[in-house]
Amino acid sequence: MNVADYMQTLGQQARTASRAMARASTNDKNRALLAIADEISNSRDALRAANAEDMARGAENGLDAALLDRLELTDARIDTMIEGLHQVAALPDPVGEITDMKYRPSGIQIGKMRVPLGVIGIIYESRPNVTIEAASLCLKSGNAAILRGGSEAIASNKALAECITSALNAVGLPEACVQVVETTDREAVGQLITMPEYVDVIVPRGGKGLIERISRDARVAVIKHLDGICHVYIDREADRSKAINIAINAKTHRYGTCNTMETLLVHADIAGTILPELAEAYEQLGVELRGCEQARVIVSDMVPATEDDWHEEYLAPILAVKIVKDMDEAIDHINTYGSHHTDSIISENYTLARQFLTEVDSSSVMVNASTRFADGFEYGLGAEIGISTDKIHARGPVGLDGLTSQKYIVLGNGEIRK
């Protein structure tokens, strides 16, 4: 079977399965999620062996450290997948929720019911744990899923797919509720994003090039973010200890994630005292600093920052540093150069913090917290299907509600329009 025919088959099976999922009870969906968790727990050795195969091939093919980090399935990450499945099972089921019921003068009642989107295609790179995150959220929200992971994680994803299939069979849900694309041929992506008769929404998770291509070529609605140029602004009225801890964590907790800080903004009035301490801490952690002219006066061994640095998502131990005269300049910089992903202010001034929350145009805006918290798991969503920087339908970490829509319902008692 060629790739086009293979993807058409997956699409047809997913569309049929989506109708079964729309009828599935909350108990059916939760049983499936817990069964997947048990299968993963019982398959640790097989998962580690498959992942070791991917890691070896990735190293041989020259994958950089950030991609290898995303690819690795450690015991802790397997535990996180299992915990995420339990969390999603414990979440309220959004499907069937009826809200906003009200009577009209005609006597009819109007309201809204939350319903699944249908079939969701997820295209992602490197991180095999996305397979489970995506499957769990699609299942709980009553959707069928077609998952296309990167070629670098093919062995890991196939092993996880076996866990999912075994669990679905055990609880009596169709195997096609979650299908993992088993070909690494790139044509599969082109087919998946141009099948509106079978696929309702595409969610890309990966590098900017992948997401730009999908946004350009898709004939299906796309929920996406292009990149994560996240900022931390240290205000003049920041608590020094909070500022240092957050600035270190936001950059160095993990380098290869979209919610990692890429630009640090510091108020001019405190830059002279706080930047040297931060620079010393970053140096010990191996982070290269690229500073504006004012920042380099304070810390002379910073690399000179260029205009390109303010636009850069490094995904590496590199940090751009800029001194600003006040919060207005910080907000202007963020709204000009940021990617509308996640930005944080460190300040004890409530009024300024509220202004920052109001005026920064990002999907997550924080006060006195690390940007690394911009994550569905940390937000209590159990997991996330991705981060959306769009402004229509879903924004920020996309959990269960973001994978559903609403339809109007009308309840009458024989009323006719006059």
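The model is predicted, so local features need pLDDT of at least 70 and side-chain atom pairs count only at pLDDT 80 or more, while totals for chains, interfaces and linings use all residues. Residues are numbered from 1 along each chain as its sequence is written, and side-chain values use heavy atoms, with hydrogens and water left out. The largest pocket holds about 1000 Å³ of space, and an open sheet of 5 strands has parallel pairing. A second open sheet has 3 strands with antiparallel pairing.

**Terms for the pockets and the cavity**

- On a 1 Å grid over the protein atoms alone, a cavity is a set of points where a 1.4 Å probe fits but cannot get out. A pocket is an open set with protein on both sides within 12 Å along at least five of seven lines, and lining residues have an atom within 4 Å of a point.
- Grid points are joined across faces, edges and corners, and a volume is the space filled by probe spheres set on the points.
- Ala, Val, Leu, Ile, Met, Phe, Trp, Tyr, Cys and Pro count as nonpolar; Asp, Glu, Lys and Arg count as charged; the others, Gly among them, count as polar.
- Helices (H or I, at least four residues) and strands (E, at least two) are DSSP runs numbered from the N terminus.

**Largest pocket**

- The lining of the largest pocket comprises 47 residues, and those nearest its centre are Arg127, Arg254, Thr257, Arg372 and Asp375.
- Helices α4 (65–71), α5 (75–90) and α6 (129–140) each contribute at least two residues to this lining.
- Divided by class, the lining of the largest pocket contains 15 nonpolar, 16 polar and 16 charged residues.

**Second largest pocket**

- The second largest pocket has a volume of about 320 Å³.
- Its lining has 13 residues, with Glu125, Arg148, Ser151, Arg186 and Leu210 closest to the centre.
- Two or more lining residues come from each of β3 (119–124) and α9 (208–217).
- The class counts for the second largest pocket are 4 nonpolar, 4 polar and 5 charged residues.

**Cavity**

- The whole structure contains 1 cavity of 30 Å³ or more, and the volume of the largest cavity is about 40 Å³.
- The residues that line the largest cavity are Gly149, Ile154, Asn157, Val180, Val181, Thr183 and Thr184.
- Of the residues in this lining, 3 are nonpolar and 4 are polar, with no charged residues.

**Parallel sheet**

- The strand order of the open sheet of 5 strands is β5-β4-β3-β6-β7. Strands β5 (178–180) and β7 (221–222) stand at the edges with a single partner strand each, so one side of each is left without a neighbour in the sheet.
- Strand β4 (residues 144–148) runs parallel to β5 and is joined to it by 3 bridges; two strands pair if DSSP finds at least two bridges between them.
- Ile146 has Gln179 in β5 as its bridge partner.
- Helix α6 packs on the sheet and touches β3, β4, β5 and β6 (201–205), its direction making about 165° with that of β3.
- Helix α9 also packs on the sheet, touching β3, β6 and β7, and its direction makes about 160° with that of β6.
- Axes are lines fitted to C-alpha atoms, for helices over the stretch in contact, and angles run from 0 to 180 degrees between N-to-C directions. Contact means heavy atoms within 4.5 Å.

**Antiparallel sheet**

- The open sheet of 3 strands has the order β1-β2-β17. One side of β1 (98–103) and one side of β17 (404–411) are left without a neighbour in the sheet, because each stands at an edge with a single partner strand.
- From one strand to the next, the twist averages 20°.
- Strand β2 (residues 109–116) pairs with β17 in the antiparallel sense over 8 bridges, and Met113 stands opposite Lys407 in β17.

**Selected residues**

- His86 is found in helix α5 and is partly exposed, with a relative accessible area of 39%. Buried means under 20% relative accessible area, exposed over 50%, and partly exposed in between (1.4 Å probe, protein chains only).
- Leaving aside neighbours within four places in sequence, His86 is in contact with Leu34 and Ala37. The C-alpha atoms of His86 and Ala37 are separated by 7.3 Å, with the two residues 49 residues apart along the chain.
- Most residues other than glycine have a negative phi.
- Leu315 has a positive phi, near 50°, and lies in the loop between α13 (307–310) and β12 (318–324). Leu315 is partly exposed at a relative accessible area of 25%.
- His340 has a positive phi, near 65°, and lies in the loop between α14 (327–337) and β13 (342–346). His340 is partly exposed at 29% relative accessibility.
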